[in-house]
Amino acid sequence: MNRLLPGGVRALALSCAVLSATLPALAQAQAPATARQRPIADTVSGLDAPPAPAPVAPAPAAVAAPDQISLPVAATNIAPGETITAAMLGERAFPVSMAHQYPLAVNPGQLVGKVARRPLAAGNAIPVAAVAEAQLVTRGVATELRFEQDGLSIRAIGVPLESGALGAMVKLKNADSGKVVAGIVQADGSVKVTAP
């Protein structure tokens, strides 16, 4: 058939055939990526389009489980009689039910400055009964007795008959007179006698 057409018409027909073959490819190359990926039926009608995927939520930040509680634990083994410092403590998560079932220390303030009454194993929660106030006065170890009243101040040496923490009432034997007196343990380790 091409032989029957004059030369100009044949060239025109050939140009049209080439153009019609390249136009769809050119249009597809210039279309946005999302339009190229959808079928033509979807872009024309919009009715058969699949539902858009749900957005993926970012992973939530790590939070403590609601049934867990963070309790102070011994970071290293603590021997009986040792005074507990903040450096000796760490934290660990335990079930909330455990904290309600046993009388455990729930914050470091309940432990720092106190003395271990029994061995405390590293990594374990610390029962309140396992620690005691530091004994500022020790039975049998001489300490200073102070009596103060109406501007009169008397100081002497006494031998405690019992150990005591800050604010405890203890009995002591006056080293000079041999008389037994009672007094309140002071922060400096002395005992303020309440009666001469």
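Visitor: What share of the protein is buried?
Guide: Buried residues make up 21% of the 196 residues. The model is a predicted one.

Visitor: How many helices and strands does the protein have?
Guide: There are four helices and eleven strands.

Visitor: What is the mean pLDDT of the protein?
Guide: The mean is 77. Of the residues, 66% reach 70 or more. Over residues 40-46 the pLDDT is below 50, and this stretch has six contacts beyond near neighbours in sequence. Residues 58-63 also have a pLDDT below 50. That stretch has zero such contacts.

Visitor: Why is Ala125 called buried?
Guide: The cut-off for buried is under 20% relative accessible area. Ala125 has 14%, so it counts as buried.

Visitor: Where is Ala125 found, and which residues is it in contact with?
Guide: Ala125 is in the loop between strand 3 (115-116) and strand 4 (131-132). Setting aside neighbours within four places in sequence, its contacts are Leu71, Pro72, Val73, Phe94, Met98 and Leu104. Met98 is 27 residues away from Ala125 in sequence, with 9.8 Å between the C-alpha atoms.

Visitor: Which residues does Ala74 touch?
Guide: Not counting residues up to four places away in sequence, Ala74 touches Met88, Leu120, Ala121, Ala122, Gly123, Asn124 and Ile126.

Visitor: Is Thr143 buried or exposed?
Guide: The limit for buried is under 20%. Thr143 has a relative accessible area of 13%, so it is buried. Thr143 is in strand 6 (residues 143-149).

Visitor: How do you know that Thr143 and Gly189 make a polar contact?
Guide: A polar contact needs N or O atoms within 3.5 Å. The backbone oxygen of Gly189 lies 2.7 Å from a polar side-chain atom of Thr143. Gly189 is also among the contacts of Thr143, along with Ala156, Leu172, Ser190 and Val191.

Visitor: Why is Ala134 called partly exposed?
Guide: Buried ends at 20% and exposed starts over 50%, with partly exposed in between. Ala134 has 23%, so it is partly exposed. Its place is in the loop between strand 4 and strand 5 (135-137).

Visitor: Which residues is Ala134 in contact with?
Guide: Beyond neighbours within four places in sequence, Ala134 is in contact with Gly113, Lys114, Val115, Gly164, Ala165 and Leu166. Ala134 and Ala165 are 31 residues apart in sequence and 5.7 Å apart in space, C-alpha to C-alpha.

Visitor: How many salt bridges are there?
Guide: A search of the whole structure finds three. Side chains of opposite charge can pair when their charged atoms come close.

Visitor: What makes Glu133 and Lys114 a salt bridge?
Guide: The nitrogen must lie within 4 Å of a carboxyl oxygen. For Glu133 and Lys114 the N to O distance is 3.6 Å. The pair links distant parts of the chain, 19 residues apart. Lys114 is in the loop between helix 4 (96-101) and strand 3. Glu133, at 45%, is partly exposed. Lys114, at 22%, is partly exposed too.

Visitor: What do Glu144 and Arg155 tie together?
Guide: Their side chains meet in a salt bridge of 3.6 Å, N to O. Glu144 lies in strand 6 and Arg155 in strand 7 (residues 152-160), so the pair ties together parts eleven residues apart in sequence. Glu144 is partly exposed at 31%. Arg155 is partly exposed at 48%.

Visitor: Why is Arg146 called buried?
Guide: Its relative accessible area is 15%, and the cut-off is under 20%. So Arg146 is buried. Its side chain meets that of Glu148 in a salt bridge of 3.8 Å, N to O. Glu148, at 37%, counts as partly exposed.

How values were computed:
Residues are numbered from 1 along each chain as its sequence is written. This is a predicted model: local features need pLDDT of at least 70, side-chain atom pairs count only at pLDDT 80 or more; totals for chains, interfaces and linings use all residues. Side-chain values use heavy atoms; hydrogens and water are left out. Helices (H or I, at least four residues) and strands (E, at least two) are DSSP runs, numbered from the N terminus. Buried means under 20% relative accessible area, exposed over 50%, partly exposed in between (1.4 Å probe, protein chains only). Contact means heavy atoms within 4.5 Å. pLDDT is the predictor's confidence in each residue, from 0 to 100. A polar contact is a pair of N or O atoms within 3.5 Å; within protein, one must be able to donate a hydrogen and the other to accept it, and residues adjacent in sequence count only if both atoms are side-chain atoms.
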